[in-house]
Amino acid sequence: MNPITQLKAKLPQPLRRLADLAYNYWWSWTPDRMSLFRSIEPTIWQTYYHNPVALLEAVTYERLSQIAEDPDYLKRLQVLANQFDAYMREPNTWGSQVAPDLSAEEPVAYFCLEYGIHESLYTYCGGLGVLAGDYLKSASDLGIPMVGVGLLYKQGYVCQRLNRSGWQEDFYRDNDFEHMPIELVRDEYGQPVTVKVTVRQRTVRVQAWKVRIGRVDLYLLDADRADNDPIDRKLTGQLYGGNRETRLAQQILLGIGGVQVLNALEIEPTIYHLNEGSSAFALLEVARQEMEFSGSTFAEAQTWVREHAVFTTHTPVSDGNNAFSADMMDSFFGHYWPQLELTREDFLHLGARRIGDPWEPFSLSVLALRMTRQANGVSRRHGEVSRQMWQILYPDRAEAAVPIGHVTNGAHLRSWTAPLLVDLYRQHLGKEWARLFDSTKPWEDAESQRASQTLWQTVDALPDRELWRRHCILKERLIAYMRSRVLASRLERREAKDDIMAVERLLDPNVLTLGFARRFSPYKRGALLFKDLQRAIRIFSHARRPIQIILAGKARPGDDEGKRIIQRLMEWCRHPALRDRVAFIEDYDLFTAKLMVHGVDVWLNTPRRPTEACGTSGQKAAFNGVINCSVDDGWWCEAYQPGQLGRPSNGWTIGEALDSSDQELQDQVDADSLYTLLEREISPLFYERDRHGIPHKWVAMMKASIRTNAPNFNSDRMVADYVTQNYLPDAAADAAALKAGQVA
């Protein structure tokens, strides 16, 4: 009996469709996602990190029986179940029309080390994983046959706790896989499907768990089995935990083990898509299997692999974390290169930037570039940076001719738009509002295309008062959540009574609120806003135009410099002039991220150029009318539109890049620019109100943020670009014909 059937047996008959929804994350991007499960028992829902399976198993049968006789709830459930059934059975998807060569038997296989699907599935760290999760959601929405491959971590990514000095203390929580919306993959005899992967001369048995994401299945590999060595059981213990040997072993499990699992499940991908270099060993295993199947040489197999593989790089700086010494490669792959009929030297050359250098490390990014037919960065600017970084591999080509393109990232619109705004969009833009923001929408004829372009202008026609009212509600929700989290942290640290009581005064819903949330690494410059502390204090404590900021994010384990940045921010949270204006939310997760991109007024982004590959958090904020204020890097280079001809700008750009390599000088220039923007443009505009308290010019910029960013930086557009440009270039003509109404 599979877990869905088991869960149904525990539920009253009228509620049994809840089990189907609980085991498919499709529910998490429906308009009813906020209340479907939470309304059953809010306290349990919060306790179990919004895990629908754990909720349904923990709630009393008496409470379920009460819900089962509530006609309003049953109607909502039936409507949602019908929508789910229609979604899963939809035959006429964009993918079926544009990419009919892809099928469930021969899908795209998407490999990534982390996936941010939902806060109840802690298999993510940050932007890379959230991007991968959004990618699978849009692949499902567009009907692209796809499977995801990743690792299932017993403890996930590091949890964050700040001590009294503001220092980040790392700790971990165990995941209980048996009570999560995932299913152990079993064979026809009910036994777990397992594969054997050699890691440092030891055999590691790996099993797979299936996560349903709409129409896409994600397979997560798990080495925590009783028949493995205790050391090997910990290989899938933590995301980005352990030492370099652990990291290399995880990448072997992901790449080689992932290909073997697909083979065991009789899935034969037509395209292998590597999302970052961590999964590059998959290419070697595909080549090995092709040699075994066809009797070809490695050179012939490499050609075959290259024709069926694409690579997305997310790294705008040196990929030291994905490069390993020759000694380490000897230890882990000494048994493997003979299976490829390669010498040690030829094998090491596959990952060497400079062939012939005995000290050159083995780079997984280099391996991926050498063994895929197409590579891309994740924004136009990042494509330029990547071509510059990797020109060394193409000495006969000019930098502009290096074969690395770009597909700019996007975020999943339906997941990241607040339900309160979804309701507003549905009222004024129509029930199919999300498709308005989908540049892949199939137009029936030129007239319907013109009608849609006209409909776009209805974004500007959204009632100012109603858009602002709903934004203020979301802002109040964020501040209430923030106070609750800060209060819990201060109580846990047993801080002074005055500090605990001060939480009631922390942040004001009527004050201009900035949001800054990301991993705290030095290059992201999380403390740039406080570079000139006295000037920052004057800005934040302005008598008529005050400003406040909500911060969130973690430093990676072992990143002491990142932890020191957080510690300094916590010191400023306690500064007498800032204590009511600066708040830090500990243990940042997807749920916190959603509330922040829903509720702040301005999304702040201050990385050092050109280290921002893309930066999708600002895209998520834009879906909700939040206005971006960012350094001109990553996606913002493409997105920023200054105001002109009476139309408002969609945000602000911080500073300008200097020719000098003096980073301290660059930081000062950018900090001064940010202060000036806040003082002279952002703050005055926010506080300019009519007699009803509506900031009409600000709301106009909110609409511009929605209108200009949502159609271009959503993950539906991103996935469609990959299909037509990277997976099946011939499909581009079909997509164009479909859009012009030439395909039935």
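Cys573 counts as buried, because its relative accessibility is 6%. Buried means under 20% relative accessible area, exposed means over 50%, and partly exposed lies in between (1.4 Å probe, protein chains only). This is a predicted model: local features need pLDDT of at least 70, side-chain atom pairs count only at pLDDT 80 or more, and totals for chains, interfaces and linings use all residues. Residues are numbered from 1 along each chain as its sequence is written, and side-chain values use heavy atoms, with hydrogens and water left out.

**Cysteines.** A disulfide is a covalent bond between the sulfur atoms of two cysteines. Here it is called when a pair of cysteine sulfur atoms lies within 2.5 Å. How many disulfides does a search of the whole structure find? The search finds zero. Cys573 is in no disulfide; the nearest cysteine sulfur belongs to Cys629, 20 Å away. Cys637 is in no disulfide either, and its nearest cysteine sulfur, that of Cys614, is 10 Å away. Cys637 is partly exposed, at 29% relative accessible area.

**Two packed helices.** Helices (H or I, at least four residues) and strands (E, at least two) are DSSP runs, numbered from the N terminus. Helix H8 (residues 127-142) packs on helix H30 (residues 715-727) at about 80°, with axes 8 Å apart. Axes are lines fitted to C-alpha atoms, for helices over the stretch in contact, and angles run from 0 to 180 degrees between N-to-C directions. H8 and H30 are therefore roughly perpendicular (65 to 115 degrees; under 35 is roughly parallel, over 145 roughly antiparallel, the rest oblique). Contact means heavy atoms within 4.5 Å. Among the residues that meet are Leu131 and Tyr135 in H8, and Met718 and Tyr722 in H30.

**Met371.** Met371 sits in the loop between helix H15 (364-370) and strand E13 (374-377). Met371 counts as buried, at 0% relative accessibility. Leaving aside neighbours within four places in sequence, its contacts include Leu283, Phe298 and Arg306.

**Backbone features.** A cis peptide bond joins Arg609 and Pro610, with omega about -5°. Pro610 is in the loop between strand E18 (602-605) and helix H26 (617-623).
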